[in-house]
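Dear colleague,

I am handing over the structure below, followed by an account of what was found in it. Please read the notes with the structure open beside you.

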Amino acid sequence: MMSWLPENVSTYGGDIDSIIRLIYYITSAWFFLTLGVFLLFLILYRRREGRRATYIRGDRLAEAAWILIPALIVLVLDLWIDFRGADAWAKVKGRVPPGDLRVQVTAKQFNWEILYPGPDGKFGTADDLQLENEMHVPVNKVVRVTLKSKDVIHSFFLPNLRLKQDAVPGREIEGWFQATKPGRYEMPCAELCGFGHSGMNGWLHVHPADEYQKWVKEHWPTS
Amino acid sequence: MSDPVAVLAIPEASLHHEELGFWRTYLFSTEHKTIGKQYLSLGLFMTIVGGFLAYVMRWQLAYPDTEVPGWGFVGPEFYNVLVTMHGTIMVFFVAMPILLGAFGNFLIPLMIGARDMAFPRLNMLSFWTLFVGTLVLLASFFVPGGAASAGWTGYPPLSAKAIYTGVNWGLNLWILAHAIEFASFLMGGVNFLTTAITMRAPGMTFFRLPLVVWQLLTAATLFLLSVGPLIAGAVMLLMDRIAGTSFFLPEGGGEPLLWQHLFWFFGHPEVYVILLPAVGFVCEVLPVFCRKPLFGYRWIIYSTITAGILSFVVWAHHMFLSGMDPRLAMPFSITTILISVPFAILVFAMIATLWGGSIRFTTPMLFALGFVSMFIVGGLTGIFNGSAPADIYITDTYFVVGHFHYTLFSAVVFGGFAGIYFWFPKMFGRMMNETLGKVHFWLTLIFFNATFFPMHILGLGGMMRRIANPMQYQFLQPLQPINVFITFSAILLLVAQIPFAVNFVWGLVAGTPAERNPWEANTLEWAAPSPPPHLNWGEAIPTVHRGPYEYSSPEGPEDWLPQDRLVVARSS
């Protein structure tokens, strides 16, 4: 099952994948255990002539322990999953690191507008550069993304980087990622946003350091 | 010990049977059993509509932008309509009418030993209100601009302004249909609660109530408590659309996330409004065909109530990535995980019931067992969604679609069919065919899994929900054969319902006449004739002497002991 996950190319993707994998192993074990017991009981206690069912009400605590103790184990495993996951969540969504590069992503029906601050590092100045549906970032650098929306709710999804975040009009939501492998990765919208939702897509280009410098030179020749 | 309220609630005069005309008997009836059947018919009809939408949707996903056989070209605008209306219809106009409306009305008075609901006229009004709501919803397909297309969750701003979807009246009518539907179920819920609390037969204490009554009451209570905020939200959304307010529009100072909080504050309890009645049917069917008391009767009641209470504090797990403060994720993740405990107890109690039983694999039992096994899968896949970090990747993908079909669709299909096959003899006085029923079960089980299990794989592969054409994305193209597979499984799942339709109609007109108690069950409804007459019980209301699940009790020679049977102490 886990092999269906797309290739992970972000620093925190591995943390998310390992949580998914942990849950997968735990739930698979429970699935086979409970379904096994279930099927075993169905076979063992099928109707047979002359055999009367056992009269057990299961109300007394001593009897109910048979269901309460497994439920307690479920709780312990659940809490384990939760606390194991807390770190991964804090890493991705908690405190956003300062970032080597800042990009503003504005969602609108049905495009991603990618805004670069330019050499001065400030948005809203003359050297800003706006691209449609394509983002260029250097590999192994922390990219800080400010997510906005012009109209409806969209969701910024980078499957290969295990990043997803809703873009909500009226809010600026901070996010970040650090890509670990150069390449082209798809950047679809994951929240129903109107008739063009299907096909709202962009590309993230992760460049090796030198190639990224070349791209910067092409767009800001004076810097 | 007789309950004075129960005695007072039955006017003597009503016992004299008066002949009512056709209209009052079949259409504008105040009779709880007739109203139950009306809910059932409406729900089954809407299943056909919702199922057809699912078929068109699946075809579009397998063969994007081709002519759908039996429909025609779909395109992205209409695809969004399909997504929206399929969800809305299945949740509000199929699951609730069948599980809550039909069975709540039919079962509660019969199981507690009452002659009818507490407010029969209100009961009639609640059904016909729902009928109007259904007409409004169906009418929305035919207005200019077409039906609603903002998803069944209707997130604003997409749903708050006509320019965002191109749908104006369709979405207004969609909101209106919800409002009418909620009014209907509010009336129904009040009626359920009043009836079960005040009109129980002598001896029917709360801890002798069949569990399905407990589950229906919990469901009705959850609905009553949770729907208020959503009604307020719906009014605000309608005002945003037609009166120029901006409750949810940020450009006018509104807050889009407010809707999500209101919607899911209702939406999560709503899941249990659908699920609990189905759990209740299974709780009734299992002991009858295990010939054994249901394991841990009181624990199940406590678990049900606990799950109900917890369902009010988990709503934000639908919103981990909505832009709400990320620090809220962990508290909601923990409450979400806590709610798995009462449900684990329910499932373990069901499995423990099988232990030491004498299991008869009748059609209703097969569907009940199908529910248990599918609900285990649905519960386990829910843990992926409930974990906030895993949800970053999983949410808004087909994994979620797979998960909620394993829980909700299995509640409606396996729980609902268990109920229909089990109580059909009581409802209509005739038996359904067992062989056809078993064919129906096995085909449904196989194609249910073939349809919904691969959706988890699509989700892990990253396929987003609500996209009309997966081929527009390079990373999804290798997954397309799975989409084709799911589509054909879904079509076969729909075809697998034909044996049921045949069985149902055949059973109605030509089924073997049912005995009073064909399954040798204990609960009170089986003490009434099949079908029960007007006012259910002849001259005397049954008196209850014991709990509902005394099967194979050492008290008697038979392996069942009806709730109303008086056992005189035997002298040796």
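Across the interface of chain A and chain B, two salt bridges are found, a salt bridge being a side-chain nitrogen of Lys or Arg within 4 Å of a carboxyl oxygen of Asp or Glu. A:Arg57 forms a salt bridge with B:Glu550, and their closest N and O atoms are 3.0 Å apart.

Before going further, please note that this is a predicted model, in which local features need pLDDT of at least 70 and side-chain atom pairs count only at pLDDT 80 or more, while totals for chains, interfaces and linings use all residues. Residues are numbered from 1 along each chain as its sequence is written, chains are lettered from A and ligands numbered from 1 in the order in which they are written, and side-chain values use heavy atoms, with hydrogens and water left out.

To return to the interface, 36 residue pairs are in polar contact between chain A and chain B, both residues being at pLDDT 80 or more; a polar contact is a pair of N or O atoms within 3.5 Å, where within protein one must be able to donate a hydrogen and the other to accept it, and residues adjacent in sequence count only if both atoms are side-chain atoms. On the side of chain A that touches chain B, helix H1 (13-44), helix H2 (61-93) and strands E6 (154-158), E7 (163-167) and E9 (183-186) each supply at least two residues, the helices (H or I, at least four residues) and strands (E, at least two) being DSSP runs numbered from the N terminus. H2(A) gives the largest share of that side, 21 residues. By class, that side has 53 nonpolar, 14 polar and 19 charged residues, where Ala, Val, Leu, Ile, Met, Phe, Trp, Tyr, Cys and Pro count as nonpolar, Asp, Glu, Lys and Arg as charged, and the others, Gly among them, as polar.

The contact (heavy atoms within 4.5 Å) takes 86 residues from chain A and 99 residues from chain B. Chain A and chain B bury about 8000 Å² between them, 70% of it on carbon and sulfur atoms; buried area is the accessible area (1.4 Å probe) that two parts lose on being put together, summed over both. In chain A, the residues that lose the most area to chain B are A:Ile67, A:Trp89 and A:Leu192, together 10% of what that side buries.

Over all chains, a search of the whole structure finds 20 salt bridges. One of them joins A:Lys150 to A:Glu113, with the closest N and O atoms 3.1 Å apart. Because A:Lys150 lies in the loop between strand E5 (142-149) and E6 of chain A, and A:Glu113 in strand E2 (residues 111-116) of chain A, the pair ties together parts that are 37 residues apart in sequence.

Some details of the backbone remain. The peptide bond from B:Pro156 to B:Pro157 is cis, with omega near 0 degrees, and B:Pro157 is placed in the loop between helix H5 (120-139) and helix H6 (162-165) of chain B. Another cis peptide bond joins B:Ser530 and B:Pro531, with omega about -15 degrees.

With best wishes
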